[in-house]
Amino acid sequence: HGAEIALWHPKTGGYTFEELHEIAARSQYVLKGLRIGPGDKVVVRDKLPPRLYGILLGIFATGATAVLLDPHLKPEAVSDALLELDPRIYITSFSGRLVGWKIRALRRLPLWLSAKTTVESSSANLLDLTQVPESTVALMTLTAGENESVSRAQFTHAELSETKPASAAG
């Protein structure tokens, strides 16, 4: 697929499969250098979809779980849910840094990375997905549920490769 357009966004334009692969490989390289791997949770907040998708692919490639936050969640509710998950790192844009300071569980994380810096790493190997079991949780979403509660859904690598999500937990 190399030069074919993989993603397109009105603000950032088109990204080819090759460009998306490079972003993912750089993200994986940075995260592996920080010893992020299977069992780790990585909270991500970025508004630029092509960059966000590349970062997510990089996280998936490490075997860690990407945790996406619903922007409508109240800081206290999301903080309690994150404390339970015990994430190791927060990757975000500038606006996400401002949001992060409002969330107690994110403030306590020692490592925050700029999404821009993560994808602009000058060194990267080829993206490597060979060591990630299909049963590993790849993606977790925290969204606003009823009565200001937090609803959680999680998806394994196998489920993400299917055409529809197969599991959700509340």
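1. **Ground rules.** Residues are numbered from 1 along each chain as its sequence is written. Because the model is predicted, local features need pLDDT of at least 70 and side-chain atom pairs count only at pLDDT 80 or more, while totals for chains, interfaces and linings use all residues; side-chain values use heavy atoms, with hydrogens and water left out.

2. **Helix H2.** This helix covers residues 49–62; helices (H or I, at least four residues) and strands (E, at least two) are DSSP runs, numbered from the N terminus. The end C-alpha atoms of H2 are 20 Å apart, in agreement with the 20 Å that its 14 residues should span at 1.5 Å a residue (the expected span is 1.5 Å times one less than the number of residues).

3. **How covered is H2?** Mostly: 12 of its 14 residues are buried (buried means under 20% relative accessible area, exposed over 50%, partly exposed in between, with a 1.4 Å probe and protein chains only). The buried set includes Pro-49, Pro-50, Arg-51 and Phe-60.

4. **Helix H3.** Ser-79 sits in H3, which runs over residues 75–85. With a relative accessibility of 2%, Ser-79 counts as buried. Beyond its neighbours within four places in sequence, Ser-79 is in contact with Ile-103, Arg-104 and Ala-105 (contact means heavy atoms within 4.5 Å).

5. **The packing of H3.** Ala-77, Val-78, Ser-79, Ala-81, Leu-82 and Leu-85 are buried in this helix. The buried residues of H3 pack against strands S3 (41–45), S4 (65–69), S7 (137–144) and S8 (150–156), and against helix H5 (104–107). Asp-86 follows H3 and has a positive phi, near 55 degrees.

6. **Aromatic pairs.** Rings of Phe, Tyr and Trp (its six-membered ring) pair if their centres lie within 6.5 Å; planes under 30 degrees apart count as stacked, over 60 as edge-to-face and the rest as tilted. Two aromatic pairs come out of this rule. Tyr-90 and Trp-112 form an edge-to-face pair, 5.0 Å centre to centre with 85 degrees between the planes. This pair links distant parts of the chain, 22 residues apart: Tyr-90 lies in strand S5 (residues 89–92) and Trp-112 in strand S6 (residues 112–114).

7. Tyr-90 is buried at 0% relative accessible area, and Trp-112 counts as buried at 14%. The Trp-101 and Trp-112 rings have centres 5.0 Å apart and planes at 40 degrees, so this pair is tilted. Trp-101 lies in the loop between helix H4 (94–100) and H5, 11 residues from Trp-112.
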